[in-house]
Amino acid sequence: MKDDLRTLLRSLPSMDVLLAQPWVPTFERSLGRDAVKSAFADVIGELRRDIRKGSSVDVNVASIEVEARHRLAPFLKTRLRNVVNATGVVVHTNLGRSVLPEDTAQHLCDIAIGYNTLEYDLDEGHRGHRNDLVEWLICQTTGADAALVVNNNAGAILLVLSALAKGKEAIVSRGELVEIGGSFRIPDIMSFSGTKMVEVGTTNRTHLRDFEGAITDETAMLLKVHPSNYRVVGFHSEVPREDLAALAREKDLIFTEDLGSGILVDLAPYGLSGEPTVRQCLMSGVDLITFSGDKLLGGPQIGIIAGRKQLVDRIRNHPLVRALRVDKMGLAALESILRLYLADRWQEIPTLNMLTLSRQSLLERAEHLRDLLEARFNEISFLVTEVGDAVGGGAFPATSLPGFAVTFSAHENIKGDLQKALRMQNPAIIAGAREDRIDLHVRTLLADDDKRIIEALESVIERGGKG
Ligand SMILES: *Cc1c(COP(=O)(O)O)cnc(C)c1O
């Protein structure tokens with residue numbers, strides 16, 4: 001038995017034999033020799049352990065090299081890559097939220113590949129502040145007196161609480177103690193900032209008197225949080241912003257609102273009503289608003305704090321500002337996007353464009369895709385169907401946007417999970433599905449996506465049956 005073991009261990013191929021595999025040079029060119037070697041070493045190491053444990057193992061070069069190649073293959077291509085979003089969810093957090101307009105992306109590239117004015121004042125010839133690049137634009141587009149940008153909205157809230165309420169109390173309605181997903185919870189972020197959270201009211205109803213009754217000498221802030229991803233319906237009431245603002249003024253407290261998405265233009269004419277714009281919130285008397293750059297603003301991942309100058313000034317020099325600062329690419333994209341709002345060209349921003357597409361143009365888009373697919377795959381029947389699209393990003397959670405999809409069922413040539421097969425293509429097609437049907441929602445498709453969908457389907461159908 002011991003001898004058997006030794007023989008087996010000795011029969012394991014040497015590194016030189018493994019490195020002589022024909023695919024190795026290609027892998028080495030993109031991953032380096034060390035990575036290839038260590039993949040082989042890992043596989044051999046595991047076999048050795050199995051042999052010592054007495055498990056029955058099949059020692060042959062072919063299975064070892066196939067296993068090592070299988071482990072390395074996912075790293076040959078960049079891992080962050082484009083996909084086709086056929087889900088109809090416009091601000092899809094898992095798919096990178098907002099798509100940037102091409103001009104914005106071009107500007108971002110120009111800035112990235114050269115030196116720039118990130119912290120340089122050309123007039124004075126000395127150090128400038130990166131926040132100055134966008135503050136005026138934020139003020140113009142929101143009506144705020146002052147603004148500060150950080151790397152995302154979670155950071156913005158953390159910063160506001162840390163700078164203005166640390167060691168003090170902030171009062172928040174029980175109906176708004178939200179969890180956004182990705183483990184962002186209002187109670188956690190409050191405790192992390194050193195702010196004592198004082199909950200008032202109940203899950204479904206909170207009144208002004210609840211806030212009034214909770215104010216003590218230790219209170220620094222009234223906090224309102226956008227219930228991004230859910231709605232309380234039925235016997236429900238919340239305190240109007242104007243009333244909270246009046247109370248905050250009377251008691252000399254700061255009234256902060258975490259608005260989440262933060263829209264800059266009123267989308268009510270497009271059927272998206274019930275969410276106030278940042279400007280409307282500020283006009284209702286909110287002192288400080290925080291919101292995301294990559295949700296309904298349609299820009300890069302950024303967090304914006306906008307509101308009263310005297311409060312923003314108190315935040316500017318907090319150490320977290322440095323820790324949460326935005327890089328040049330984020331600022332380049334944000335500046336470009338805000339200029340589109342300023343020039344009233346916001347419909348060129350993909351996120352806003354997708355949200356405001358008319359029923360007719362969605363229908364035409366779906367019919368066009370159906371015709372292309374039918375012409376190419378006459379063995380499958382494609383239907384234009386009505387579907388519900390979503391805003392996503394925790395905005396308008398109760399609103400289903402009427403949309404259209406091209407729907408088809410798994411064809412007999414495609415065995416197994418069609419949705420997964422489409423995901424395995426390059427680019428991946430991320431589609432909606434109902435039972436055994438695939439829905440290609442057209443609202444979120446970009447210009448060349450029809451072509452990509454056809455290519456993906458060609459490959460899925462040709463490979464039919466092989467998994
Ligand atoms: C999305 C959201 C956040 C987190 O914003 P990020 O920009 O993703 O950090 C915080 N609060 C609310 C209410 C949100 O909707």
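This is a predicted model: local features need pLDDT of at least 70, side-chain atom pairs count only at pLDDT 80 or more; totals for chains, interfaces and linings use all residues.
Which helices and strands each supply at least two residues of the lining of the second largest pocket? Residues are numbered from 1 along each chain as its sequence is written, and side-chain values use heavy atoms, with hydrogens and water left out.

**Figure 1. Lining of the second largest pocket.** The elements that each supply at least two lining residues are α8 (153–164), β7 (179–181), β11 (254–260) and α15; helices (H or I, at least four residues) and strands (E, at least two) are DSSP runs, numbered from the N terminus. The largest share, three residues, comes from α8. A pocket is an open set of points on a 1 Å grid over the protein atoms alone, with protein on both sides within 12 Å along at least five of seven lines, and its lining residues have an atom within 4 Å of a point. This pocket holds about 670 Å³ of space, the volume being the space filled by probe spheres set on the points, which are joined across faces, edges and corners. Thr-93, Arg-97, Ser-292, Asp-294 and Lys-295 are the closest to its centre of the 32 lining residues.

**Figure 2. The largest pocket.** About 1300 Å³ of space lies in this pocket. Its lining comprises 40 residues, of which Asn-82, Val-83, Val-99, Leu-100 and Leu-446 are the closest to the centre. Among the elements supplying at least two lining residues each are β1 (83–86), α6 (102–112) and α19 (449–462).

**Figure 3. Nonpolar cores.** A nonpolar core is a set of buried Ala, Val, Leu, Ile, Met, Phe, Trp, Tyr and Cys residues joined through side-chain atoms within 4.5 Å; buried means under 20% relative accessible area (1.4 Å probe, protein chains only). The largest core has 56 residues, and Val-149, Leu-222, Phe-291, Ile-304 and Tyr-341 have the most contacts inside it. Helix α15 (residues 328–342) contributes the largest share of this core, six residues. A second, separate core of 30 residues includes Val-150, Val-160, Val-225 and Leu-324.

**Figure 4. The buried face of helix α13.** Leu-311, Val-312 and Ile-315 are buried in α13 (residues 309–316). These buried residues line one face of the helix, because they fall within an arc of 95 degrees seen down its axis, the arc being that of the directions from the helix axis to the C-beta atoms.

Technical notes:
Buried means under 20% relative accessible area, exposed over 50%, partly exposed in between (1.4 Å probe, protein chains only). On a 1 Å grid over the protein atoms alone, a cavity is a set of points where a 1.4 Å probe fits but cannot get out, and a pocket is an open set with protein on both sides within 12 Å along at least five of seven lines; lining residues have an atom within 4 Å of a point.
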